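Let's take a walk through this one together. Have the viewer open and follow along as we go.

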Amino acid sequence: MADPTYIAQVLVSGLGTGCIYGLIGIGFCVIYNASGIVNFAQGAFVMLGGMLTQLLLMRYGVPLLPAAAVAIVVVAAMGMLLERLVVRPLWDRNATMFVMILATLAAQIVVERATLLAVGDQPRTLPVFTDVPPLMLGRVAISVQLLWILGASALVIAALTAFFRYTLAGKAMRACSIDREAAALQGIPVKRMLALSFALSAALGATAGILITPTQYTAFNVGVPFAISGFIAAIVGGFGRPLGAFLGGLLLGLVQAGAIAALGSGLKNVAALSMLLVFLFLRPGGILGAAK
Amino acid sequence: MKTLRSTTSPDWRSALRLLPWGLSALFVGYGFVAGGYPATVIGFALVYAVFVTGLNLFMGYTNQVSFGQNAFAAVGGYMSAVLTTTYQWPVVPAMGAGVAAAVLLALVIGYPTLRLKGHYLAMGTLAIGLITYEIAVEWQSVTQGYLGISGIPPLGVGSYEVTSDRGQLALLVAIVLASTFISARIRDSRMGRAFLALGASENGAMALGVDVARTKLLAFLVSAAFAALAGCLFVHVVGYVSPEVFGLHMVILGFTMLYVGGVGSVAGPLVGALIVSLMPEVFRGFKDYQDLAYGAALIVILIYAPRGLASLFDRAKARPRSADL
């Protein structure tokens with residue numbers, strides 16, 4: 001157990017899942033910043049991303065890259081649909097935060113059950129993106145899928161940063177996160193920003209789901225644990241800070257990998273959830289402090 | 001708040017107040033007469049009614065959030081199941097131990113958790129429910145994982161076991177009535193007034209001298225006890241327990257029942273549990289779509305009747321509320 005190669009191996013794999021949690025965590029932040037809503041259906045996007053890609057690939061023989069692209073677009077559209085059907089009506093009625101949470105959680109269940117009915121309860125997996133033997137760094141194997149995850153995460157974060165910094169829509173969303181009323185007075189269509197944030201967040205979740213599926217598996221019920229991991233990442237990084245969320249995700253991934261090595265893989269969710277409770281009780285503002 | 005625009009005459013309104021009870025009596029009565037399968041379905045509904053009564057106390061009265069009530073049902077249920085099967089305990093002390101264990105857990109968890117607010121409280125309680133579920137799956141030496149524990153003895157005292165459908169139903173009716181009575185008594189007690197004050201405004205309650213932290217914890221413990229009792233009843237009524245019983249769908253189902261019956265009312269949990277449980281029986285082929293439909297129904301109710309379906313009855317009372325926001 002104390003074998004350094006083994007520990008290094010575990011940490012490397014933790015880095016991969018950490019990136020995934022980070023992406024999901026950023027998804028939470030995007031919606032939260034635009035609207036103050038915490039979307040408890042975030043996990044549904046992750047599950048749908050992996051599931052749709054798998055279906056397109058296996059059932060319809062679409063090559064991986066187009067399949068992934070189609071899945072991301074479809075899930076983004078579903079994010080907007082969720083916003084239109086569930087979130088917007090509640091938002092217009094000034095629903096309390098609790099009602100909003102309960103409604104999005106119910107939406108999560110609806111998506112989960114619909115998926116179960118549509119494709120059954122069998123766990124599914126995707127082939128690794130490029131089927132080549134792992135790189136050896138000393139005696140530590142680094143799978144090429146991990147490189148895909150790292151590369152794609154870096155790309156997504158760069159794209160997001162550019163979006164928020166240079167595009168009009170991105171700037172408008174940032175204005176919303178600073179002060180929604182002032183943003184509305186400046187002529188920013190706040191509701192459209194809400195819809196956009198759901199689309200963006202759903203696309204992020206789907207991307208995360210597609211990247212992680214080859215190394216794990218996807219099934220109708222993987223969403224909630226992923227959502228909670230993403231939420232933990234967001235809290236650890238200080239809620240509402242996208243970059244913090246990504247770092248929080250990495251930290252969670254490493255902690256979880258350590259827990260798997262020490263206690264066995266069955267307890268990985270318990271480890272993550274316990275980390276959530278520790279942070280909630282001791283340092284709810286996260287390491288960097290919450291954005292607001 | 002008083003409204004002068006009350007169009008309903010007093011006796012009509014009091015009759016309306018009896019409606020949920022009459023409806024419940026009708027359903028339960030049907031279960032008795034029919035026996036067999038209908039009695040089992042009604043029995044399940046009654047078990048859930050106990051669970052929802054606890055949820056109502058914490059959420060309806062105190063206006064707090066817990067998405068982790070399934071944790072306490074699981075602790076109570078599993079404790080009772082393990083004690084009666086592996087350790088051959090009699091049913092009543094085993095159930096007592098199950099409820100006690102859940103309340104103890106609620107005390108340990110509640111103290112740090114209830115200091116949280118908003119999203120943090122919601123996610124924290126959700127995490128507690130999921131941790132419990134995962135432990136039920138993984139701790140195979142005790143819970144036997146997904147396989148579950150079977151051969152759990154039915155409800156009963158000493159050598160007397162309630163095995164007939166109708167006997168079980170009668171016992172459950174008594175327990176539900178007792179729970180509902182306790183819930184009503186709590187609402188009218190000093191403690192209950194503190195709950196309601198807290199629910200209306202935390203700062204207001206504090207200004208009136210309510211110990212907010214203690215009151216929240218107390219409400220949490222009482223609701224955990226109800227959840228645990230429901231968990232215990234479930235395992236003994238069914239005779240079998242597996243982790244799925246206490247999954248996230250239990251939480252959503254509980255909330256759906258509460259919202260159908262009416263949040264914060266005394267009869268709400270019972271009516272809601274009965275109506276929601278009978279849905280799959282009324283509509284054929286509904287079973288597969290059960291959780292899907294409950295989730296969708298809950299969303300629709302949350303949008304169009306945020307205080308529950310029962311609130312639609314007193315529209316006249318609800319109208320002026322928009323003015324004070």
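In chain B, what share of the contacts with a separation of 6 or more comes from residues 24 or more positions apart? The figure is 76%. Keep in mind as you look around that this is a predicted model. Chain B has 325 residues, and 52% of them are buried.

Now to where the chains meet. If you want to color a few residues, go for F98(A), L102(A) and F281(A): they supply 17% of the area that chain A buries against chain B, more than any other three residues.

What about the polar side of things? Between chain A and chain B, the salt bridge count is 0. As for polar contacts across this interface, 1 residue pair turns up, with both partners at pLDDT 80 or more.

Next, the cysteines. The disulfide count over all chains comes to 0. Take C176(A): the closest cysteine sulfur belongs to C29(A), and at 16 Å from the sulfur of C176(A) that is too far for a bond. C176(A) is also buried, since its relative accessible area is 1%. Over in chain B, C232(B) counts as buried because its relative accessibility is 0%.

Stay in chain B and find the loop between helix 2 (36-61) and helix 3 (69-85), where S66(B) sits. Is S66(B) buried or exposed? S66(B) counts as buried, because its relative accessibility is 2%. Its side chain makes a polar contact with the side chain of Q69(B), at 2.8 Å. A polar atom of the S66(B) side chain also lies 3.3 Å from the backbone nitrogen of G68(B). Set aside the neighbours within four places in sequence, and S66(B) is in contact with L55(B), F58(B), T125(B), F220(B) and F255(B).

The loop between helix 2 and helix 3 of chain B also holds N63(B). If you check backbone torsions, note that N63(B) has a positive phi of about 60° although it is not a glycine. N63(B) counts as partly exposed, because its relative accessibility is 43%.

One more backbone stop: Q88(B) is not a glycine, yet it has a positive phi of about 60°. You'll find Q88(B) in the loop between helix 3 and helix 4 (91-113) of chain B. With a relative accessibility of 63%, Q88(B) counts as exposed.

Note on methods:
Residues are numbered from 1 along each chain as its sequence is written. Chains are lettered from A and ligands numbered from 1 in the order in which they are written. This is a predicted model: local features need pLDDT of at least 70, side-chain atom pairs count only at pLDDT 80 or more; totals for chains, interfaces and linings use all residues. Side-chain values use heavy atoms; hydrogens and water are left out. Buried area is the accessible area (1.4 Å probe) that two parts lose on being put together, summed over both. A salt bridge is a side-chain nitrogen of Lys or Arg within 4 Å of a carboxyl oxygen of Asp or Glu. A polar contact is a pair of N or O atoms within 3.5 Å; within protein, one must be able to donate a hydrogen and the other to accept it, and residues adjacent in sequence count only if both atoms are side-chain atoms. A disulfide is a pair of cysteine sulfur atoms within 2.5 Å. Buried means under 20% relative accessible area, exposed over 50%, partly exposed in between (1.4 Å probe, protein chains only). Helices (H or I, at least four residues) and strands (E, at least two) are DSSP runs, numbered from the N terminus. Contact means heavy atoms within 4.5 Å.
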